[in-house]
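Have a look at the structure first, and then we'll go through it topic by topic.

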Amino acid sequence: MIEDLNSRYGLTPVHSEVVEACKIVKPCHALDMGCSNGRNALYLSQLEFNVTAIDTNAGAIDMLQSISLEQNMNNIKPQVYDINNASLSEDYGFISCTVTLMFIDPSRVDDVIADIQKRTLSGGYNLIVCAMSTEEHPCPVRFPFTLKTGQLREAYDGWEFIKYNEDVGTMHNGAKLQFATMLARKPD
């Protein structure tokens, strides 16, 4: 049974799309990009994924390291890493990047997505949830980067879309905005 470690440690809940993806994606070597304090990494760990969790915030990585040690979770590897580098060094069966791309350098987005794709094993999955700004729904939050209509779908041309939508949703802080949500499988 999965323990609610997030509430125990004062973290926001596991992202709903990560929970949904794990109904399809079987435990494997996973990457949690922009993991913050580890809300999604802890969940994946309990499902027996081997998780590399990366973030630029050293304090958040230290907190996740402390939680994983306290909980004897030796299948989480927290690392300080700047996603803008677009130079991942390992391959993964599942890469989760939820509400992270909108905080990176806009000039690096194409390189970051290309690196994610390159570092996904054949038959592996990418989960991306990112804010959008469209004419119908201008983004009310001044993120460094937002996706345009169809931009994420185009970047994953040739992949199998398990889920893809560009719906209006609510962030955990209550802000309503349009998100691109994608779970895609890399061809074998």
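Let's start with a salt bridge: Glu 160 pairs with Arg 185, and their closest N and O atoms are 3.9 Å apart. A salt bridge here is a side-chain nitrogen of Lys or Arg within 4 Å of a carboxyl oxygen of Asp or Glu. Keep in mind that this is a predicted model, where local features need pLDDT of at least 70 and side-chain atom pairs count only at pLDDT 80 or more, while totals for chains, interfaces and linings use all residues. Residues are numbered from 1 along each chain as its sequence is written, and side-chain values use heavy atoms, with hydrogens and water left out.

- Helices (H or I, at least four residues) and strands (E, at least two) are DSSP runs, numbered from the N terminus.
- Arg 185 also forms a salt bridge with Asp 188, with the closest N and O atoms 3.0 Å apart.
- Put together, Glu 160, Arg 185 and Asp 188 are linked in a network of salt bridges.
- Glu 160 is partly exposed, at 42% relative accessible area, and Asp 188 counts as exposed at 72% relative accessibility. For these labels, buried means under 20% relative accessible area, exposed means over 50%, and partly exposed is in between (1.4 Å probe, protein chains only).
- Another pair is Glu 20 with Lys 23, whose closest N and O atoms are 2.8 Å apart. Glu 20 counts as partly exposed at 39% relative accessibility, and Lys 23 is exposed with a relative accessible area of 56%.
- How many salt bridges does a search of the whole structure find? The search turns up seven.

**Helix α4 and its ends**

- α4 (58–70) has 13 residues and reaches 18 Å from its first C-alpha to its last, close to the 18 Å expected at 1.5 Å a residue. That expected span is 1.5 Å times one less than the number of residues.
- The buried residues in α4 are Ala 60, Ile 61, Leu 64, Ile 67 and Ser 68. Looking down the axis of α4, these buried residues fall within an arc of 125 degrees, so they line one face of the helix. The arc is that of the directions from the helix axis to the C-beta atoms.
- What covers the buried residues of α4 includes α3 (39–46), β2 (50–55) and β3.
- On the face of α4 turned away from its buried side, you'll find the exposed residues Leu 69 and Glu 70.
- At the start of α4, a side-chain oxygen of Asn 57 comes to within 2.9 Å of the backbone nitrogen of Gly 59.
- Asn 57 itself is in the loop between β2 and α4, and it counts as partly exposed at 42% relative accessibility.
- Asn 57 and Gln 79 are 22 residues apart along the chain, and their C-alpha atoms are separated by 9.5 Å.

- After α4 comes Asn 72, with a positive phi near 55 degrees. Asn 72 lies in the loop between α4 and β3 (76–80) and counts as exposed at 66% relative accessibility.
- Ala 86 has a positive phi too, near 50 degrees. Ala 86 is in the loop between β3 and β4 (92–98), and is buried, with a relative accessible area of 18%.

**Nonpolar cores**

- The largest nonpolar core has 37 residues, and those with the most contacts inside it include Met 33, Leu 101 and Val 112. A nonpolar core is a set of buried Ala, Val, Leu, Ile, Met, Phe, Trp, Tyr and Cys residues joined through side-chain atoms within 4.5 Å.
- Which element gives the most to this core? It's β7, with five residues.
- Leaving aside neighbours within four places in sequence, Val 112 is in contact (heavy atoms within 4.5 Å) with residues including Met 33, Ala 86 and Leu 101.
- A second, separate core of 25 residues includes Tyr 9, Ala 21, Ala 41 and Ile 76.

**A buried serine**

- Ser 96 is in strand β4 and is buried, with a relative accessible area of 0%.
- Not counting residues up to four places away in sequence, Ser 96 touches Val 18, Leu 31, Asp 32, Met 33 and Leu 127.

Methods: Polar contact = N/O pair within 3.5 Å; in protein donor to acceptor, adjacent residues only side chain to side chain.
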